[in-house]
Each structure stands twice: as C-alpha cells, then as structure tokens.
Amino acid sequence: GKRDGSPVNPLDGMAFQRLWESRAYELGGGGYLAPGSLVGDFIKRQVSKDFGDVMPSYKPGVTLTNLQAKGHGSLPTYCLEAIREALPAFARQIRGFDRPDAVLTGVETRTSSPLRINRGRDYQSLNVRGLFPAGEGAGYAGGIMSAGVDGIEVAEALAADLLGLPDAPVLQGKGSKA
C-alpha cells in the first residue's frame, strides 16, 4: 500500500489528475482561466501582481495567483519544489529559461494514457476485432508527433484490412510495439 495507508488502485493516477485539474480551475477563478505566476516571483515564493513584458498566450486567459499556497497549491509541494529548483538549472543550459517575467501557466495534466489497449501485429485490438487502438488515448504515443505517426500507421493498417491486403508493408510486425 501507499505510505499514507490509502488503498492502491490502478486508476489512482486519474483521480490524482482530476484533483489538480479541479484545483487549477479554482485557482484560475473559474471560467477556464488558467492560474499563473511570473517565474521570478515563483522562485522567490512571492505572489505575482502584474504581468511584465511577457504576456501569456493561453486563451481564455491567465489569472495571476499563488500557485504555491500552503495546503492549496497548484501541484503537490514536492512538484512545486522540483520546478523551483529546475528553472535556474535549465537556465544554465538555456539562457533566459528563468526570465523573471516569463509566465508559468498551468497546470497541464493531460498525459499519455495510464492504460494500454493491447493490439496485435495487425494493429487491431487483441480483444475486439475491428477495433484499431491508436495514439495517446490507447497508450501508444507520448506526444503529438508520436501520436501522429501512430495514427498514420493505424490508418494504413485499417486500409489494408478493408482492402484485404494481408502483406501490406505496415503489417510487417510493428503493430504490437509501443
């Protein structure tokens, strides 16, 4: 079990995600405004009052707020501390990464699926013939590029299946790989 004694469930990650998305909605003030902070203020543990030269691009907008309020932060404390430590470290490699008036906007919690729909070499689900799981939601990609590539391969496999082409190049053993 977990250190706090609560039960372990394979879907706990989804509950964790929901918690932080709800918190972000609250911190943003509702209306799907995102909570935000200036990087310099975040590193100094201060609440941002006004935007600097860098303006956020997120629509419908960003509300400057306390991303690290004790007991009501935008992420768990260990995450906030890791971000606070990482920003200056990244700036040593990428000049300006910790620009004081850059805007931290978030939280972004959509990630690759915590579950995978198993598929065979023909890209079809092992359990449901005719179902072609693809991309991040099915557990076969970790970002926009890999999801796009996987989608193309799955579309080719679907076309080969519909056209009765069992020897199509796309079906030569890649389907079951991640």
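Student: Among contacts in the protein between residues at least 6 apart in sequence, what percentage join residues at least 24 apart?

Tutor: The model is predicted. Its elements run α-β-α-β-α-β-α from the N terminus on, made up of four helices and three strands. Taking the contacts between residues at least 6 apart in sequence, the share that joins residues at least 24 apart is 60%.

Student: What percentage of the residues of the protein count as buried?

Tutor: A residue counts as buried when its relative accessible area is under 20%. The protein has 178 residues, and the share of them that counts as buried is 33%.

Student: Which residues of H3 are buried, and what covers them?

Tutor: Helix H3 comprises residues 77-91 and reaches 22 Å from its first C-alpha to its last, close to the 21 Å expected. Its buried residues are Leu-80, Arg-84, Leu-87 and Ala-91. The elements that cover these buried residues include helix H2 (39-43) and strand E3 (103-105).

Student: Is Leu-163 buried or exposed?

Tutor: Leu-163 lies in helix H4, which covers residues 144-163. Together with Leu-158, Leu-162 and Leu-165, Leu-163 makes a nonpolar surface patch of about 410 Å². Because its relative accessibility is 62%, and the cut-off is over 50%, Leu-163 counts as exposed.

Note on methods. Residues are numbered from 1 along each chain as its sequence is written. This is a predicted model: local features need pLDDT of at least 70, side-chain atom pairs count only at pLDDT 80 or more; totals for chains, interfaces and linings use all residues. Side-chain values use heavy atoms; hydrogens and water are left out. Patches are made of residues with over 30% relative accessible area and no salt bridge: like charges are joined within 9 Å, nonpolar side chains (Val, Leu, Ile, Met, Phe, Trp, Tyr) within 5 Å. Accessible areas come from the Shrake-Rupley method with a 1.4 Å probe; for residues, only the protein chains shown count as cover. A salt bridge is a side-chain nitrogen of Lys or Arg within 4 Å of a carboxyl oxygen of Asp or Glu. Helices (H or I, at least four residues) and strands (E, at least two) are DSSP runs, numbered from the N terminus. Buried means under 20% relative accessible area, exposed over 50%, partly exposed in between (1.4 Å probe, protein chains only). Contact means heavy atoms within 4.5 Å. The expected span of a helix is 1.5 Å times one less than its number of residues.
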